[in-house]
Amino acid sequence: MRKFWSSRKRSRGSLLNPLSDHVADFGVPGPASEAWDRGPAKYFHGRTVILGQFAERSHQAARQNAGTIFLVQGAPGAGKTALLAECAKRAQGIGWLVVKIHPQTLWDPHLLRKSLDGRRKPAVTGASAKLGVATAAATADLPPVTMLDLLTDSNDRLLLVLDEAQRLGQAAAPVGEAVATASMVLTSIHNGEIGRPVILLAGGLGTSQHAFEKLGISRFEGDCLVNLGGLDPEAERAVLYDWLTKDGGAQGDPGPWIDAITKETYGWPQHILSYVKPALVQLHEDTGQMTTSGLDVVLSQGRARRAAYYKGRTDAFDTPELQHMAEALIQVTTADGVSKKHILASLTRHYGPDEATRLFDQALHKGVLSRHGKGYAAPIPSMHNWLVSEYLN
């Protein structure tokens, strides 16, 4: 166990989901949000490689008058929503029309038209047949249109932003005729066949790729599929520095506090926030002075928040299920994690193959498991250690 985590390489870059203004459609400030682990990053550092990949894809789409699907997936708390917001903000800054959508928007032209703010009233053309007839009734004052009518009605560069993309394979999955429409829309975007620059920027849990596969997108180009991990150490420290000095009003060198916090957060955005909130309260009470006793309070409360997060991620499982999951994970000894086959074999001995598969998929959905190298593991070392100590000791 320790060998695995000591050899673990953090993915490069940084992104944090802080308490910040909610950004409607990624650009229009709205009321303050209480969701500390969701939304755009107040202090954004890093994710340089991923942002570069997205920028290159957007430039390529503009040059070729085409498009693609860019998928960011990872465990809860990895910073997916904030990364989508940052990509959208940068795309908007170079002239892209950014539209936030829900899963149903991919097959319901009424919802797509609503997402586009009703600014377009395309005429029905012969191209309409390419992507099928509307799967929902259009509004009474506008003529029925197809998805293609809406997507081809302008030459603007269009970025569609879809969060919680795993829902395409769950409760929000298309049914009936909508399956064919969604598949054709996604395929047309993915293959750059819309006739204008269109990118679908999607973010979701580790099951998102599988959801796209069920709708016909079986392969992503290498840099268009991102498995999001922890933050780069340098960027993690920069994020903490900004929080402590700019919001906390820390006096003097915050280095010792940052050193102590990063030993417990492992670069995980959600965990950084678990420690940031009590740090801000403590700094306020101590008028910006970073005392040893104040740091002790911050670390204690941060650990409590971190444990509460883990309990929330595992509340869908009963104790025996978590015990058997921990038994499979305790054998992790390499940077590649353990294979899906190994985990399923361990669960199958207790629950049978069908239930084992269900538990495995649920663990991915809840963030108890995530892709790690060529295998699977708990998303971060502290969660691994928590599972083992809580359910095996």
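Residues are numbered from 1 along each chain as its sequence is written. Because the model is predicted, local features need pLDDT of at least 70 and side-chain atom pairs count only at pLDDT 80 or more, while totals for chains, interfaces and linings use all residues; side-chain values use heavy atoms, with hydrogens and water left out.

**Stop 1: the nonpolar cores**

Select F54, F70, L159, L201, I343, L369 and L387. These residues have the most contacts inside the largest nonpolar core, which has 51 residues. A nonpolar core is a set of buried Ala, Val, Leu, Ile, Met, Phe, Trp, Tyr and Cys residues joined through side-chain atoms within 4.5 Å. Buried means under 20% relative accessible area, exposed over 50%, and partly exposed in between (1.4 Å probe, protein chains only). Helix α3 (residues 80-93) supplies the largest share of this core, six residues. Helices (H or I, at least four residues) and strands (E, at least two) are DSSP runs, numbered from the N terminus.

Now centre on I343. Leaving aside neighbours within four places in sequence, I343 is in contact (heavy atoms within 4.5 Å) with A328, L329, V338, F360, L369 and Y376. Next, select V99, L112, A182 and L186, which are included in a second, separate core of 31 residues. In soluble globular proteins, nonpolar side chains tend to be buried together.

**Stop 2: a residue in strand β3**

Select T68, in strand β3 (residues 67-73). Is T68 buried or exposed? At 7% relative accessibility, T68 counts as buried. Apart from neighbours within four places in sequence, T68 is in contact with R57, I189, H190, V198, I199, L200 and C224.

**Stop 3: aromatic rings**

Rings of Phe, Tyr and Trp (its six-membered ring) pair if their centres lie within 6.5 Å; planes under 30 degrees apart count as stacked, over 60 as edge-to-face and the rest as tilted. By this rule there are seven aromatic pairs. Select Y43 and W243: the ring centres are 5.3 Å apart and the planes are at 90°, so the pair is edge-to-face. Y43 lies in the loop between β2 (28-32) and α2 (48-64) and W243 in helix α8 (residues 233-247), so the pair ties together parts that are 200 residues apart in sequence. Y43 counts as buried at 10% relative accessibility, and W243 counts as buried at 1%.

Move to Y309 and Y310, a tilted pair with 5.8 Å centre to centre and 55° between the planes. Y309 and Y310 are both buried.

**Stop 4**

On a 1 Å grid over the protein atoms alone, a cavity is a set of points where a 1.4 Å probe fits but cannot get out, and a pocket is an open set with protein on both sides within 12 Å along at least five of seven lines; lining residues have an atom within 4 Å of a point. Grid points are joined across faces, edges and corners, and a volume is the space filled by probe spheres set on the points.

A search of the whole structure finds one cavity of 30 Å³ or more. To see the lining of the largest cavity, select I101, T105, L106, L112, M147, L151, L160 and V185.

For the second largest pocket, with a volume of about 460 Å³, select G206, T207, H210, D361 and L364, the closest to its centre of the 20 lining residues. Helix α14 (353-366) and helix α7 (208-214) each supply at least two residues of this lining, and α14 gives the largest share, six residues.
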